[in-house]
Amino acid sequence: MARSDTISNGEEIERELTLRDHDQTVTLLGQYNKNLNYIRDNFEAQIIVRDGSIKIKGGEEEVKQVRSLFDELLEMIESGQSPKFEEVKQLTQMVKGGEEEELHGVLSDVIQTTYWGEQIKPKSLNQKQYVEAIREKDIVFCIGPAGTGKTYLAVAMGIEFLKKGKVKRMILTRPAVEAGEELGFLPGDMQAKVNPYLRPLYDAIYDMIPGEEFERLKDEGRIEIAPLAFMRGRTLNNSFVILDEAQNTTSTQLKMFLTRLGFDSKAVITGDITQIDLKKDASGLSHDRKFLEDIPGIEFIYLDKADVVRHDLVKEIIEAYEQEKQD
């Protein structure tokens, strides 16, 4: 880790970080100083890079924030990661939002690595809390808008539990809400009828497990993807169970799902209560969370537009819809 010295000069303070070597400096600053320039653009503190050191000058609070940001980036580098520009942006906005005290380790918790080498990890403080809740609690609800990683992180955690032998199987399910069509009138057998509703779950898994391995695990019964109706009457022991799109379950369906949980199992329920395809008063997730939150051992995690990890425009789209709803 870099060495740090502090010099105080009245109301302005200066902190200096001594970097380990040229490679660490290049990784920290980014290609063509892209990381450094973004940080400079977002803080009024003066940031000077010279002769293997970084000097931060300015008001005490700003210097503290910039120092926290560099410390976290350097810790990522020390652990063998190369911070991406998107991660630098995410951490910068967290610091500017006053979250520097909770910054430690947010982007260092690698859950899975895709088969093409992409690291899957929390990318915000709320996502970090979500992952930790899954590890610690048996039932976790995650509610938030599209693009916040609700389903993706749940699938990554399920695969981690499966690979490490913490559970014997992973089950993914979601309600098959018809968009004006009855399943019985759609072509094909039952699997062909429900596959379009389950496609997002397949997409997440294919990112993390090669196709051949996935088919083998599915044939062995260690991974199962099925509509919610297929859960009725079952007891799910030693399983990691994910209910996706839970905002489209009725109270009866949600109760049915939650009471399937057996011994040594975990359940993760994800949903976006702003995208309910049922009548709003019929959504079990929207209604039942009011009393389920009071049960010890069940944790609710709420994500918002600050946790969106898709294209930058997605945040602006969410904000536009929120503003339209308020107007």
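1. Surface and burial. The protein exposes about 16,800 Å², of which carbon and sulfur atoms supply 47%. Accessible areas come from the Shrake-Rupley method with a 1.4 Å probe, and for residues only the protein chains shown count as cover. Of the 327 residues of the protein, 47% count as buried. Here buried means under 20% relative accessible area, exposed means over 50%, and partly exposed lies in between (1.4 Å probe, protein chains only).

2. Basis of the model. This is a predicted model, in which local features need pLDDT of at least 70 and side-chain atom pairs count only at pLDDT 80 or more, while totals for chains, interfaces and linings use all residues. Residues are numbered from 1 along each chain as its sequence is written, and side-chain values use heavy atoms, with hydrogens and water left out.

3. Overall composition. The protein holds 11 helices and 12 strands. These are DSSP runs numbered from the N terminus: helices are H or I of at least four residues, and strands are E of at least two. Among contacts between residues at least 6 apart in sequence, 67% join residues at least 24 apart; contact means heavy atoms within 4.5 Å.

4. Packing of α1 and α2. Helix α1 (residues 22-29) and helix α2 (residues 34-42) pack with their axes 5 Å apart, at an angle of about 55°. The axes are lines fitted to C-alpha atoms, for helices over the stretch in contact, and angles run from 0 to 180 degrees between N-to-C directions. The two helices, α1 and α2, are therefore oblique to each other. In this scheme, angles under 35 degrees count as roughly parallel, over 145 as roughly antiparallel, 65 to 115 as roughly perpendicular and the rest as oblique. On the α1 side, T27, L28 and L29 meet K34, N35 and L36 of α2.

5. A search of the whole structure finds 15 salt bridges, each defined as a side-chain nitrogen of Lys or Arg within 4 Å of a carboxyl oxygen of Asp or Glu. In one of them K89 pairs with E86, the closest N and O atoms being 3.7 Å apart. K89 and E86 are three residues apart in helix α4 (residues 85-96), so about one helical turn separates them. K89 is buried, at 16% relative accessible area, whereas E86 is partly exposed at 47%. In helix α5 (residues 125-136), K128 and E132 lie four residues apart, about one turn of the helix. K128 forms a salt bridge with E132, and their closest N and O atoms are 3.8 Å apart. K128 counts as buried at 14% relative accessibility, and E132 as partly exposed at 32%.

6. K266 forms a salt bridge with D138, with 4.0 Å between the closest N and O atoms. Because K266 lies in strand β11 and D138 in the loop between α5 and β7 (139-143), the pair ties together parts that are 128 residues apart in sequence. K266 is buried, with a relative accessible area of 9%, while D138 is partly exposed at 46%. Elsewhere, salt bridges that share partners join R20, D21 and E78 into one network.

7. Surroundings of I301. I301 belongs to strand β12 (residues 298-302) and counts as buried, at 5% relative accessibility. Leaving aside residues up to four places away in sequence, I301 touches N126, Q129, Y130, A133, V140, F141, C142 and I143. Between I301 and G144 the C-alpha to C-alpha distance is 8.5 Å, although they are 157 residues apart in sequence.

8. Positive phi at two aspartates. D51 has a phi near 55°, a positive value in a residue other than glycine. D51 lies in the loop between β3 (46-50) and β4 (53-59), and counts as exposed at 77% relative accessibility. For D264, phi is near 55°, again positive in a residue other than glycine. D264 is found in the loop between α9 (251-258) and β11 (266-271), and is exposed, with a relative accessible area of 61%.

9. Nonpolar patch. L313, I317 and Y321 make a nonpolar surface patch of about 350 Å². Patches are made of residues with over 30% relative accessible area and no salt bridge; like charges are joined within 9 Å, and nonpolar side chains (Val, Leu, Ile, Met, Phe, Trp, Tyr) within 5 Å. I317 is placed in helix α11 (residues 312-326) and counts as partly exposed, at 46% relative accessibility.
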